[in-house]
Amino acid sequence: MDSMKIKELFTLENTLAAPLFDGAEYPFDVLSKIGDFIKDLGPALDKEIYEEKGENIWIAKSAKVAPSASITGPCIIGENTEVRHCAFIRGNAFVGNGCVVGNSTELKNVVLLGNVQVPHYNYVGDSILGFYSHMGAGSITSNVKSDKTLVAVKYGNEVIETGRKKFGAALGDNVEVGCGSVLNPGTIIGKNSNIYPLSSVRGFVPANSIYKKAGDIVTKR
């Protein structure tokens, strides 16, 4: 389904992560490549802008990283990004420019393209977050099914098999996720959509929509 494809979800012109998506069709196609991509990109970064801060860890000089944050490589943290108190970055994390990784937020195997906010008690794993997407306090991605079978993305009668045991969510550009929401494995949310607080979201949410609850998704006016 074209609406779930990378070209419909993300703007890639202004991100260093753009080559990661070359040749890929769906967002979950790039998840296994994030770590190696960071390892290849890191040494080529402009040393006037980035510093190597540890094994396979590159942090922009303009970024603000709290001393209490825990960062494991491979990881790139972009310009003017803020990593707050007790953030936990577990590796394979590309964090673009102008992002906020908040207090007690955990990242693992993710791409935050740019100006993304995960500012308060968020877990984001095996996921891609588009430009200016925002996850409200306590909202998380659930990246493994309870029965441990492979994740599929569903929309109506359509099913797209990911072939992956772990896939959390893909948020298109300008997506707003309300506080306390759970994005279940295999969630894809189209550009400019809003998720009500305390939602349990599964499958595909079209672009320019408001997700109120399962079975109640309306088009923005």
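Guide: Side chains of opposite charge can pair when their charged atoms come close. Here K5 forms a salt bridge with D2, their closest N and O atoms lying 3.0 Å apart, where a salt bridge is a side-chain nitrogen of Lys or Arg within 4 Å of a carboxyl oxygen of Asp or Glu. This is a predicted model, in which local features need pLDDT of at least 70 and side-chain atom pairs count only at pLDDT 80 or more, while totals for chains, interfaces and linings use all residues. Residues are numbered from 1 along each chain as its sequence is written, and side-chain values use heavy atoms, with hydrogens and water left out.

Visitor: Is K5 buried or exposed?
Guide: K5 counts as buried, at 14% relative accessibility, whereas D2 is partly exposed at 46%; buried means under 20% relative accessible area, exposed over 50%, and partly exposed in between (1.4 Å probe, protein chains only).

Visitor: How many salt bridges does the whole structure have?
Guide: A search finds 7, among them the one between E106 and R90, with the closest N and O atoms 2.7 Å apart. Salt bridges with shared partners also join D2, K5 and E25 into one network.

Visitor: How many disulfides are there?
Guide: A disulfide is a covalent bond between the sulfur atoms of two cysteines. This structure holds 0 (the criterion is a pair of cysteine sulfur atoms within 2.5 Å). C86, for instance, is in none, the nearest cysteine sulfur, that of C75, being 16 Å away.
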